[in-house]
Amino acid sequence: MSTPVYRGEARAPDFPSGLDWFNAGRPIRLADLKGKIVLLDFWTTCCINCMHVISDLKRLEEKHKDALVVIGVHTPKFTAERDSTNILEAILRYEITHPVVNDCNFDLWQSHAVRAWPTIVVIDPEGKVVGSVSGEGAYDTFDPVIASMISDFGARGLLKRGPLAVPLAREAPRDELYAFPGKVLADEAGGRLFIADTNKNRIVVARVPEGRVLDIVAGGPAGFADGGFEEARLNRPQGIAVRGDLIYIADTENHAVRVADLRARTVATLAGTGAQARPDAAPAGGGRGRDVALNSPWDVALARGLLFVAMAGAHQIWRIDPATGDAAPHAGSGSEARIDGPLRVAALAQPSGIATDGERLYFADSEASAIRAADVDPGGAVETIVGLDLFEFGDRDGVGDDVRLQHPLGVAWKDGALYVADTYNNKIKRLDPRARRCETIFGCGDAGFEDNPDGHLAYLNEPGGVTAFRDLLYIADTNNHAIRVANLATGALLTFVALDLSKFEYRMA
């Protein structure tokens, strides 16, 4: 069988001038890429499918580093994603090292006739477009294509090996106490605060309100390993649920749910194989423990003895029995949409935050900019509290269908009200689920880092999680690398300081 030949016919359009570039010493032109195989990755920061592609691209870049150049083309869905400052934060968060260009006006998107995120366009060493593919599975799709092109163009003397002529300059990560903390959970009974210090791959346990650090679960380089707190490894953990001294962790980029025992100081895997579930490989009805593959679990909540998981990558809510590890879909057909109805008929759109009153599950359906509810009872249904559709978003307080949010990631339940981390609006909002009334209570709306006795005048920067503790709200202020504390009684918003955290920093060595 002959090896397929991949050569383009039409010349690729050049990069427009005047665009912001990252990880590059200067703007790149098509002529700079002559002799290289090029993958243009059309992505946007909110998209879970785009996040999945990043790891595949890193593998391709490492394997074919002498011949391949990957360029991220960030084309925004949400208004907040047009801002180069926000794109830079995403580049740092996901440790993207290849050049990225801000295609904020859709110029490249339109010139390459792209229709969906993510889409990868292949350009050959002569600057001609070979083709494009949308969706996940980039490594398996493009590895044989690149190998064939290396052989073909190399044999014809058209391949230029070695570093790119354009000087590359990786954006330098900041040295902060936390690194993109994604979620936070308060345990009122135990007087404890659990912080998902996401990019440091650890869970910080602190006494509240004074802030004394009690322990740290895992930390150090990303990995997938059970064992003692010092040896265990997580990979960008997000949501947390607590029962007594057991911490359930949405270990997002390990595609697993882990359980940490504070008494034994050990971490074990409750469910997940460590690899992302694929639609054609995942058991339709779920599975048990380490045998079932999961897909980007983003948050967790306990109700009626079960652990409910906001499975962002599968567009579903799952349930896990903590005693057995049995895991199965609870709500959502798996299609990405905002469709209400019976649990398994309804469609969700990247659920990324979950809370419960014991009878219902409330979740932030981020891609639909919606807050929705699902019954805990398996015979129940899904309904939308506020939010309309995948491309209906904004920043508007009000009632019912008049409300607009922008990519909310966090939700907390307290005393009949929901508190929402309206992430891309840089605000915390209070939502009455019965009246469907939503109002801003903290955050001025502009991205920044500033405390204020009047919380409406304070600045947040893409808060991803929120939790209630007595008359306080603790906020994972993700892009500020900080935990903020908002006082519901006084209206003030301040910064939470974890005392003695530095003595645990040896785990990051």
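The protein exposes about 19,300 Å² (Shrake-Rupley method, 1.4 Å probe), and carbon and sulfur atoms supply 49% of that area. This is a predicted model: local features need pLDDT of at least 70, side-chain atom pairs count only at pLDDT 80 or more, and totals for chains, interfaces and linings use all residues. Residues are numbered from 1 along each chain as its sequence is written, and side-chain values use heavy atoms, leaving out hydrogens and water.

**Overall build**
- The protein has four helices and 34 strands, taken as DSSP runs (H or I of at least four residues; E of at least two) and numbered from the N terminus.
- The radius of gyration is 23 Å, which agrees with the value near 23 Å for a compact globule of 509 residues; the calculation is over C-alpha atoms, and the rule is 2.2 Å times the number of residues to the power 0.38.
- Along the principal axes, the C-alpha atoms fill a box of roughly 70 × 50 × 45 Å.

- Of the 509 residues, 60% are buried, meaning under 20% relative accessible area with a 1.4 Å probe, protein chains only.

**Charge**
- There are 54 positive and 69 negative side chains, counting Lys and Arg against Asp and Glu, without His or chain ends.

Notes: Buried < 20%, exposed > 50% of the residue type's maximum accessible area, 1.4 Å probe, protein only. Charge placed at Lys NZ, Arg CZ, Asp CG, Glu CD.
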